[in-house]
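My notes follow in the order I checked things.

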Amino acid sequence: MKLVCPLCNGLYKVDYNCIKCNEAMIDKGPEVNYLDNYSPYLLDEVTHLVDGVKNDKCVHIYQCPNCNYKERYSIERKNI
Ligand SMILES: [Zn+2]
Ligand SMILES: [Zn+2]
């Protein structure tokens, strides 16, 4: 048994609708991917946080293709 994010592992999709225009939003990937682009030090801290405290959630960035509104959603990791 392993705790994994269903989105990162392609198990299934979780859909959210844009709160501004109600268009179906697109999963842009886990937030840590974006942090990695900016600061490896910050990523280190986030990784520790993920290991210690928030291990049961994977934060994904969703973006609306219609109005470009972005939102963060915590995806529950599942035991597989
Ligand atoms: Zn994920
Ligand atoms: Zn929108």
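I began with the aromatic pairs and counted three in the structure. The coordinates come from a predicted model, and I read every value below as computed from that model.

I took Tyr-16 and Tyr-62 to start. Their ring centres lie 5.0 Å apart. Their planes meet at 90°, so I logged the pair as edge-to-face; the cut-off for that label is over 60 degrees. I then checked where the two residues sit. Tyr-16 is in the loop between strand E1 (3–4) and strand E2 (26–30). Tyr-62 is in strand E3, residues 57–63.

Next I looked up accessibility. Tyr-62 has 1%, so it counts as buried.

I followed Tyr-62 to its contact with Tyr-73. Here the ring centres are 5.4 Å apart and the planes are at 90°, so this pair is edge-to-face. Tyr-62 belongs to strand E3 and Tyr-73 to strand E4 (residues 70–76). Eleven residues separate them, and I logged this pair too as a link between distant parts of the chain. Tyr-73 is buried, at a relative accessible area of 16%; the limit for that label is under 20%. I wrote down Tyr-16, Tyr-62 and Tyr-73 as one aromatic cluster.

Then I turned to the metal. Which protein atoms are donors of the zinc ion (ligand 1)? I found SG of Cys-5, SG of Cys-8, SG of Cys-58 and NE2 of His-60.

I checked the geometry next. The four donor atoms subtend angles of 104 to 114° around the zinc ion, so I recorded the arrangement as tetrahedral. For reference, the ideal angle for four tetrahedral donors is 109.5 degrees.

I also noted the spacing of the donors along the chain, C-x2-C-x49-C-x1-H. Cys-8 is in the loop between E1 and E2, and His-60 is in strand E3. They are 52 residues apart, a pair that links distant parts of the chain. Cys-8 is partly exposed, with a relative accessible area of 43%. His-60 is buried, at 1%.

Technical notes. Residues are numbered from 1 along each chain as its sequence is written. Chains are lettered from A and ligands numbered from 1 in the order in which they are written. This is a predicted model: local features need pLDDT of at least 70, side-chain atom pairs count only at pLDDT 80 or more; totals for chains, interfaces and linings use all residues. Side-chain values use heavy atoms; hydrogens and water are left out. Rings of Phe, Tyr and Trp (its six-membered ring) pair if their centres lie within 6.5 Å; planes under 30 degrees apart count as stacked, over 60 as edge-to-face and the rest as tilted. Helices (H or I, at least four residues) and strands (E, at least two) are DSSP runs, numbered from the N terminus. Buried means under 20% relative accessible area, exposed over 50%, partly exposed in between (1.4 Å probe, protein chains only). Donors are N, O and S atoms within 2.8 Å of the metal (3.2 Å for Na, K and Ca); water is not among the atoms, so sites may look incomplete. Four donors count as tetrahedral if all angles lie between 85 and 135 degrees; four count as square planar and six as octahedral if opposite donors are over 155 degrees apart and all others between 65 and 115; anything else is irregular.
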